[in-house]
Amino acid sequence: MKAGFIAIVGRPNVGKSTLINKIVAEKVAIVSDKAGTTRDNIKGILNVKDNQYIFIDTPGIHKPQHLLGEYMTNIAVNILKDVDVILFLIDASKTIGTGDMFVMDRINENSNKPKILLVNKVDLISDEQKEEKLKEIEEKLGKFDKIIFASAMYSFGIAQLLEALDPYLEEGVKYYPDDMYTDMSTYRIITEIVREKILLKTRDEIPHSVAVEIIDVEKNEGKKDKFNINIYVERDSQKGIIIGKNGKMLKDIGMEARQEIEDLLGEKIYLGLWVKVKDDWRKKKPFLKEMGYVEEK
């Protein structure tokens, strides 16, 4: 048996969560087109023959503008010291910019581990553009142990990626049982499902300002359990958007979330959603700590 930890890093919105979901063939990370969707390090575990690959989806590394952003960047950077390989993602369809170079600088400052570059969304470029991209990579990012062109959306390049990671796995260890595909708790997955539905249905001002928390679970023997969940926003106007006219938006969010949660649990449930205003919560350490977003020193 061989096993190893692989950190998936990159600037926000390059496809890290899509990649880990495709690799594991399970939904372990929520996905949206909004930057900053992933807020924590999330493990996806893949067992292939005698190899165990533990991928860690990290928040997009960026220059933080509030305490939540600082937390997100810190946990992504800190994991670099503890993994066996760093998998750096960039978007093939976009010029390598200051955001990608900022991530590269953080990697070089914090780790001397092997580095593999995965050039994602290769389906959006031509073979000629691939050659140009390789030159741009060397000029702006430097050398890597391996460069792989892939498309997480279409699962292209995943076999080559696993092959490239194989030499860096540690012999004689196994960290998780064969049937485990993530170490996230069920309740944590449930709050992420609710947050994903909000991200997918609301306009740009809402996603970054939303936090989700399970308040309690009412267990009813022989009947449906009820999950009571608070949705926190920063302003009254955001609360109005999430609730929607005559409560329609909140009802739609709840219906879609409930269906996915029922698939996860394998049973029918009731879902109670409540929208609360917490002014500027992303800048307030006590609330962030309460929500699990502040690292313990």
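A residue counts as buried when its relative accessible area is under 20%, as exposed when over 50%, and as partly exposed in between, with a 1.4 Å probe and protein chains only as cover. With that in hand, welcome to the structure. This is a predicted model, in which local features need pLDDT of at least 70 and side-chain atom pairs count only at pLDDT 80 or more, while totals for chains, interfaces and linings use all residues. Residues are numbered from 1 along each chain as its sequence is written, and side-chain values use heavy atoms, leaving out hydrogens and water.

Let us begin with a helix. Helices (H or I, at least four residues) and strands (E, at least two) are DSSP runs, numbered from the N terminus. Helix α2 covers residues 67–78, 12 residues in total, and reaches 16 Å from its first C-alpha to its last. That is close to the expected 16 Å, a span defined as 1.5 Å times one less than the number of residues. Which of its residues are buried? They are Leu-68, Gly-69, Tyr-71, Met-72, Thr-73, Ile-75, Ala-76 and Val-77. Their cover includes α3 (98–110) and α9 (285–290), where contact means heavy atoms within 4.5 Å.

Next come the charged residues. Side chains of opposite charge can pair when their charged atoms come close. Here a salt bridge is a side-chain nitrogen of Lys or Arg within 4 Å of a carboxyl oxygen of Asp or Glu, and the whole structure holds 22 of them. One of these joins Asp-40 to Arg-188, with the closest N and O atoms 3.2 Å apart. Asp-40 sits in the loop between α1 (16–24) and β2 (42–48) and Arg-188 in helix α6 (residues 186–201), so the pair ties together parts that are 148 residues apart in sequence. Asp-40 is buried, at 13% relative accessibility, whereas Arg-188 is partly exposed, at 24%.

Another bridge links Glu-196 and Lys-197, again with closest N and O atoms 3.2 Å apart. Glu-196 is buried at 4%, and Lys-197 is buried at 8%. Both belong to a network of salt bridges that also includes Lys-27 and Glu-260. In a further pair, Lys-219 meets Asp-225 at 3.6 Å between the closest N and O atoms.

Finally, look at Met-153, in the loop between β6 (146–149) and α5 (158–165). Met-153 is exposed, with a relative accessible area of 51%.
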